[in-house]
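User: I am new to this structure and would like a short tour. Could you take me through some of the strands and helices?

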Amino acid sequence: MPAALAGWFSREARQRRHSTGSLTRRMISIAALWIIVLLVGGGFALDRVLSEAITRNFDGQLEYVLNAMIGSAEIGPDGEVRFNRPLGDQRFLEPYSGLYWQVSGTGHEPFRSRSLWDRALRQDAKHHGRALHVDNSDEFDGEPLRVLDREIRLPGSETEWRFEVAASRAALDDQIAVLRRTLVRSFAILGLGLIILAALQATYGLWPLRSLRRAVASVSSGISSRIEARFPNEVQPLVDELNELLAHNERQAEEARRHAGNLAHALKTPLTVLMNEATANTPELAETVVRSTTMMRRQVDHHLARARAVGRRANAQARAEVWPSLKAVERAVNRMHRHVTVDLAGDKEAIVHVERQDLDEILGNLIENAAKYGQGRVFVTVGRVVRDLPGNRKAEQVEILIEDDGPGIPEAERGKLFERGARLDTGKPGTGLGLAIVRDVIGIYGGSITLEESEDLGGLQIRVRLPGGGS
């Protein structure tokens, strides 16, 4: 088996193993089931309504004949019932025609239509009174009947006469059967059409997802770097997020390559110096080794801090509460600088989209610097701001202001503080990497840091903005 074909089969097997089924088939199955339920229920209800309508029409015709019988009936000189005018339907004169009438009374011979010939309608003992009674009867073999009867006392007679009219149900049953066949065929065609329509709708509606799958496959195979096609409004946000994820991965990869190159370049110079000093066997070798290894350690610490921040940033669930972190830093600073007072104010519920360890490192460096270079007071304020994004979007940020009462820093020299190893005051201990690491970590999380002059305390004010993580 060719390797490409084997790979295809392997990929298909993985897809079947990890797939939960076809979304198209689910939609079509649900639509088909719902269509069938509705059509069966609607067809049953419509069959009942139409069948009852046909039956009522059939009974109405028989009732008309029954009323005509009663209207034309009278008592003859012999005390028997007779009609003063013949009934109009010719079928009453044809034997076994399927349409019959009969008038009967207690103590009298039944007065029957000629169509009954040698038969008589059975008198149901349950039917009494002048109300109209309707019933089905199987008294004639092979000829089910629909029977209507009513008891009437005619003028000049003390007898309760029962007037009955009966008709074969064959015509009624045929009409209902034709109706049901028509309903079944019509609803079957309608259901099939609706299922086909649902299938077309599901296929067409989910077609952008197939296009998206092909676009993602082209990205994963290296044919393209982004998903460039446009999709419907329901899918386009997903495409935008995928493109943003691809861009984020590219930035991370580029950042990793750049920092690896920076680290290699930063270590190359001290290593070269060490090699030259070791080869020359100069008296300053020990001092050079200490100086060069210290420089290399600083560089390694700096790049390790950046690498840790990049790794933590990949966790989309990273959230940290600002206030507990500030309180922890405040306690640590108070132990190290007992003459310094750190005042905290602002939003105690603020949450940032940053790992707690990185937030502690950011705040710890900044507040410790403020305590170290100030005169004894540090003021920290927490608030929230809203930043405008492209596409009329908005993002919430948490703003942290750190102010001290120190001498401050001239505006022209503020940018130098973010350079690695830069220190404006060499009289105090430190490596000069703190603010550089803080700036890099804040930038990795998409935040910003600026240096300003404090209006309240007169020293330096550091404005940090970090992405909000909700509250």
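Analyst: A definition comes first: two strands pair if DSSP finds at least two bridges between them. The model shown here is a predicted one. In it, strand E5 (residues 133–140) and E6 pair in the antiparallel sense over six bridges. E5 and E6 form a hairpin with two residues between them, and Gly142 in that turn has a positive phi of about 75°.

User: Which residue of E6 does His133 stand opposite?

Analyst: His133 stands opposite Asp149 in E6.

User: What about E6 and E7, how many bridges there?

Analyst: E6 pairs with strand E7 (residues 160–168) over nine bridges, in the antiparallel sense. Arg150 is opposite Phe163 in E7. E6 and E7 also form a hairpin, with six residues between them; Gly156 in the turn has a positive phi of about 85°.

User: And how many residues of E6 are buried?

Analyst: Nine of the 11 residues in strand E6 (residues 143–153) are buried, so the strand is mostly covered.

User: Changing topic: at what angle do H7 and H8 pack?

Analyst: Helix H7 (residues 322–336) and helix H8 (residues 356–373) pack at an angle of about 40°, and their axes are 9 Å apart. That angle makes H7 oblique to H8. Their crossing is right-handed.

User: Which residues meet there?

Analyst: On the H7 side they include Val322, Leu326, Val329 and Met336; on the H8 side, Arg356, Leu359, Leu363 and Ile367 are among them. By class, the contact of H7 with H8 has 11 nonpolar, two polar and three charged residues.

Definitions and conventions. Residues numbered from 1 in each chain as written. Predicted model: local features only at pLDDT ≥ 70, side-chain atom pairs only at ≥ 80, totals over all residues. Heavy atoms only, no water. Axes fitted to C-alpha atoms, helices over the stretch in contact; angles between N-to-C directions. Helix = DSSP H or I, 4+ residues; strand = E, 2+ residues; numbered from the N terminus. Parallel < 35°, antiparallel > 145°, perpendicular 65-115°, else oblique. Left-handed = near helix turned anticlockwise from the far one by under 90°. Contact = heavy atoms within 4.5 Å. Nonpolar A, V, L, I, M, F, W, Y, C, P; charged D, E, K, R; others polar. Buried < 20%, exposed > 50% of the residue type's maximum accessible area, 1.4 Å probe, protein only.
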